[in-house]
Amino acid sequence: MILGRFSRRSVAFGSAGLVAGHLLQGGIVMGEDAAAHGYALGPTEGEHLILRGGNIFIKADPTQGSTGLAMGTQQVLSGVGIPIHRHFQMDEAFYVIDGSGTFILNDKPHSIGSGSSIFIPRNAWHGFQNPDRELLPLWVVAPAGLEAFFREVATRPGVPPVQRTKEQLNEIARKYATEFR
């Protein structure tokens, strides 16, 4: 009798797993109920954007049920880097998934590579240089807001990039409490 109940329970849980996997496959947008219970995404799942030739995948943000933070990955092509900037209202953290380069925090360079962790308090100037290798960091900001900036300055796959002057970029950045040097 216990064996029969265990088998039915296993089938029910297995079916639920298949349904959840199907919903997450391909970065499908989940409803409020799925976000309230959490979700798991693969490396190339999430909202896909392109910035300076590299892929950005937004993994968590207020549109997916996260009220306190935003998270994603950003591919920084070799030689491209991330210009020096600061966020007035967001703390930011990075975890380097792959690659290497130099992280600049308040004008001080730090060598980084796979497995490096970085914390940036609000108002701190920071950026990345990666002249020799591609860099793939996971970023987290609290509160959310960086993802909205990315949506405005990046493009969807297949859409040509928009060229902007530094002044135009800063005009957009200020809407998201960010500025570039």
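View 1. On a 1 Å grid over the protein atoms alone, a pocket is an open set of points where a 1.4 Å probe fits, with protein on both sides within 12 Å along at least five of seven lines, and its lining residues have an atom within 4 Å of a point. In this predicted model, local features need pLDDT of at least 70 and side-chain atom pairs count only at pLDDT 80 or more, while totals for chains, interfaces and linings use all residues. Residues are numbered from 1 along each chain as its sequence is written, and side-chain values use heavy atoms, leaving out hydrogens and water. The second largest pocket holds about 410 Å³ of space, a volume being the space filled by probe spheres set on the points. It is lined by 25 residues, and Leu41, Gly42, Pro43, Lys59 and Thr73 are the closest to its centre. Strand 2 (54–60) gives the most to this lining, with 4 residues; strands here are DSSP runs of E, at least two residues, and helices are runs of H or I, at least four.

**View 2. The largest pocket.** Here the space comes to about 550 Å³. Among the 30 lining residues, Leu51, Arg52, Pro83, Val153 and Leu169 sit closest to the centre. Helix 3 (146–153) and helix 4 (166–175) are among the elements that each supply at least two lining residues.

**View 3. Helix 3 and its buried side.** Look for Leu146, Glu147, Phe149, Phe150 and Val153, the buried residues of helix 3 (buried: under 20% relative accessible area with a 1.4 Å probe, protein chains only; exposed: over 50%). They lie on the same side of the helix because they cover an arc of only 155° around its axis, taken from the directions from the axis to the C-beta atoms.

**View 4. Tryptophan 139 and its neighbours.** Leaving aside residues up to four places away in sequence, the contacts of tryptophan 139 include Ile58, Met71, Phe94, Leu146 and Phe150; contact means heavy atoms within 4.5 Å.

View 5. Most residues other than glycine have a negative phi, and most peptide bonds are trans. Alanine 142 and proline 143, however, are joined by a cis peptide bond with omega of about -5°, and proline 143 is in the loop between strand 9 and helix 3. Aspartate 107, not a glycine, has a positive phi of about 70° and is exposed, with a relative accessible area of 53%. Alanine 177 also has a positive phi, near 55°, but counts as buried at 11% relative accessibility.
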